[in-house]
Amino acid sequence: MDLGLKNKVVIITGGTTGIGKAITRAVADEGGIPVFIGRNQENGLLLLNELKKNNKEAYYIQVDLHNTESCKKAVLETINKYGKIDALINNAGKNDSIGLENGSPDAFNVSVSNNLNHYYNMAHFCLEELKKTEGKIVNISSKTALTGQGGTSGYAAAKGAQLALTREWAVELLKYKICVNAIIPAEVMTPLYKSWLSTFENPEEKRKEITKKIPLGNRMTTKEEIASMTIFLISNKANHITGQHMFVDGGYTHLDRSIT
Ligand SMILES: NC(=O)c1ccc[n+]([C@@H]2O[C@H](COP(=O)([O-])OP(=O)(O)OC[C@H]3O[C@@H](n4cnc5c(N)ncnc54)[C@H](O)[C@@H]3O)[C@@H](O)[C@H]2O)c1
């Protein structure tokens with residue numbers, strides 16, 4: 001199936017590692033132009049070199065999105081370079097373990113703002129271009145928004161707000177034919193996930209305990225499986241899907257865990 005992504009300019013936040021990196025590669029493999037944003041110059045240049053070596057058009061922007069001005073700058077840089085934006089993938093995030101007991105009001109504020117504000121800021125600054133292309137927005141949220149995780153109030157609150165904003169923006173942008181959807185991953189092995197596992201006394205035991213409970217195949221979701229859903233949602237094959245929360249998790253969030 002041709003997804004029709006050839007020469008589509010797609011911004012991917014947090015696109016140098018983990019799920020974002022898989023999305024960046026998937027966009028490039030479909031002939032799209034990933035503009036991927038990350039904080040770590042080394043990771044960014046490694047991925048850029050890999051794509052260029054494979055004759056893919058791609059662009060890397062090194063920026064920390066915590067700051068409103070940097071979000072604006074990243075969007076303007078994309079427009080200056082390619083003259084348009086076809087899709088925005090809000091993906092950057094960090095499960096920073098700011099809970100009720102292990103946190104403080106100030107730390108909570110910082111965690112929510114670090115995980116949430118750039119989703120809004122990027123959509124806001126991309127909007128004029130997305131109107132012209134009848135573009136797409138995909139927000140990568142998390143199952144913690146719906147199931148809780150314990151000890152991570154700021155991250156969970158931001159992830160929940162991303163789901164609310166997905167529906168809110170889907171409604172606001174109907175008139176421009178801009179589709180807005182969210183993807184809800186649960187258990188995907190990435191640098192973020194590894195660092196969360198490392199907080200347990202025996203990370204490998206914990207990993208086994210979790211994967212045993214994933215109904216479909218007793219395995220974790222791969223980054224590539226999240227990327228596949230993402231590129232479908234930004235394609236013209238998904239032109240009549242908006243405001244949806246898509247669970248790509250092997251049934252982990254919804255199926256009866258007593259069956260496994
Ligand atoms: N891995 C999982 O199992 C899982 C589960 C649920 C949700 N998610 C979500 O998937 C998304 C990607 O997570 P991942 O597991 O690939 O993590 P990751 O740590 O591998 O990748 C996240 C990337 O975002 C970048 N980033 C974070 N904040 C940033 C900022 N302010 N400015 C610029 N870059 C920033 C990080 O540097 C990193 O490169 C996140 O939104 C996360 O909440 C992941």
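How many residues does helix H6 have, and how far does the helix reach from its first C-alpha to its last? In this predicted model, where local features need pLDDT of at least 70, side-chain atom pairs count only at pLDDT 80 or more, and totals for chains, interfaces and linings use all residues, H6 has 20 residues and reaches 28 Å, close to the 28 Å expected at 1.5 Å a residue. Residues are numbered from 1 along each chain as its sequence is written. Helices (H or I, at least four residues) and strands (E, at least two) are DSSP runs, numbered from the N terminus, and the expected span of a helix is 1.5 Å times one less than its number of residues.

- Among the buried residues of H6 are Tyr-155, Leu-165 and Trp-169, where buried stands for 20 or more other C-beta atoms within 10 Å of a residue's own, exposed for 12 or fewer, and partly exposed for values in between, with C-beta atoms placed from the backbone.
- The buried residues of H6 pack against H4, strand S5 (136–140), helix H5 (144–147), S6 and strand S7 (245–248).
- The largest nonpolar core has 64 residues, and those with the most contacts inside it are Val-10, Ile-11, Leu-88 and Cys-126; such a core is a set of buried Ala, Val, Leu, Ile, Met, Phe, Trp, Tyr and Cys residues joined through C-beta atoms within 7 Å.
- H4 gives the most to this core, contributing eight residues.
- Apart from neighbours within four places in sequence, Leu-88 is in contact (C-beta atoms, placed from the backbone, within 7 Å) with Ile-11, Met-122, Ala-123, Cys-126, Leu-130 and Ile-137.

**Domains**

- The domain assignment of the protein chain, whose bounds come from an automatic or database source, gives domain 1 (9–186 + 224–248) and domain 2 (189–220).
- The centres of domain 1 and domain 2, taken over C-alpha atoms, are separated by 24 Å, and the contact takes five residues from domain 1 and four residues from domain 2.
- On the side of domain 1 that touches domain 2 there are one nonpolar, three polar and one charged residues, with Ala, Val, Leu, Ile, Met, Phe, Trp, Tyr, Cys and Pro counted as nonpolar, Asp, Glu, Lys and Arg as charged, and the others, Gly among them, as polar.

**Ligand shell**

- The ligand is surrounded by 29 residues, of which the closest are Gly-14, Gly-18, Gly-93, Thr-190 and Leu-192, a residue being near a molecule if its C-beta atom, placed from the backbone, lies within 6 Å of it.
- Two or more residues of this shell come from each of helix H1 (18–29), strand S2 (33–38), helix H4 (105–133) and helix H7 (191–197).
- By class, the shell around the ligand divides into 11 nonpolar, 13 polar and five charged residues, and at least three residues are drawn from each of domain 1 and domain 2.

**Individual residues**

- Lys-177, in the loop between helix H6 (153–172) and strand S6 (179–185), has a positive phi near 60° and is partly exposed, because 14 other C-beta atoms lie within 10 Å.
- Asn-218, in the loop between helix H8 (203–212) and helix H9 (223–233), has a positive phi near 45°.
- Lys-194 lies in helix H7 and counts as exposed, because 12 C-beta neighbours are inside 10 Å; the C-alpha atoms of Lys-194 and Arg-207, 13 residues apart along the chain, are separated by 9.5 Å.

Methods: Contact = placed C-beta atoms within 7 Å.
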